[in-house]
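This report describes selected packing features of one protein chain. The sequence and structure are shown first, and the description follows.

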Amino acid sequence: MTHFVWVIDWIKSGQGFPCLFHFITGLYCPGCGGTRAVRALLHGEFLKSFCYHPFVLYAVIAVVVEMGYLAVGMAKGLKDMKVRDGFQRRYARWVLAAVWIVGVNWVVKNGFLLMGVDLLEKLGG
């Protein structure tokens with residue numbers, strides 16, 4: 001019952017829903033900081049968003065770039081953009097970079113956490 005009260009208090013604090021992985025292990029999950037990163041990004045705090053979780057800003061950049069490719073392709077009248085401009089190769093690179101970003105972020109945050117430095121708390125989250 002005390003866990004339920006803790007969850008309700010956490011939600012009321014405005015930090016979003018608590019991470020079950022963090023609650024059980026004391027370590028950050030690969031997505032920890034993502035909600036705070038989105039909130040910071042929506043407030044125009046790009047550096048803070050990046051520090052909370054770099055994947056969020058990366059995902060926005062990836063979507064904008066791909067939308068640019070799509071707009072150029074549509075302007076040129078290309079019918080099969082996926083084949084003509086190497087979408088498959090770009091997609092594989094986007095995904096590989098995303099996995100790398102999430103993995104490095106996870107290792108760095110937990111490495112500091114194990115040394116006694118909570119990076120997310122230092123950012124105010």
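Apart from residues within four places in sequence, Leu57 touches Leu41, Phe46 and Phe50. The coordinates come from a predicted model.

Leu57 and Leu41 both belong to the largest nonpolar core, which comprises 11 residues in all. The most is given by H3, with three residues.

Two packed helices are described by the angle between their axes and the distance between the axes. For H3 and H5, the axes come within 8 Å and cross at roughly 55°. The arrangement of H3 relative to H5 is therefore oblique. The residues that form this contact are listed below by helix.

| Helix | Residues in the contact |
|---|---|
| H3 | Gly34, Ala37, Val38, Leu41 |
| H5 | Val56, Leu57, Val60 |

By residue type, the contact of H3 with H5 consists of six nonpolar residues, one polar residue and no charged residue.

Arg90 lies in helix H7, which spans residues 87–114. Is Arg90 buried or exposed? Its relative accessible area is 12%, so Arg90 is buried, the cut-off being under 20%. The side chain of Arg90 also forms a polar contact with the side chain of Glu66, at 2.7 Å.

Technical notes
Residues numbered from 1 in each chain as written. Predicted model: local features only at pLDDT ≥ 70, side-chain atom pairs only at ≥ 80, totals over all residues. Heavy atoms only, no water. Helix = DSSP H or I, 4+ residues; strand = E, 2+ residues; numbered from the N terminus. Buried < 20%, exposed > 50% of the residue type's maximum accessible area, 1.4 Å probe, protein only. Polar contact = N/O pair within 3.5 Å; in protein donor to acceptor, adjacent residues only side chain to side chain. Core = buried A, V, L, I, M, F, W, Y, C linked by side-chain atoms within 4.5 Å. Contact = heavy atoms within 4.5 Å. Axes fitted to C-alpha atoms, helices over the stretch in contact; angles between N-to-C directions. Parallel < 35°, antiparallel > 145°, perpendicular 65-115°, else oblique. Nonpolar A, V, L, I, M, F, W, Y, C, P; charged D, E, K, R; others polar.
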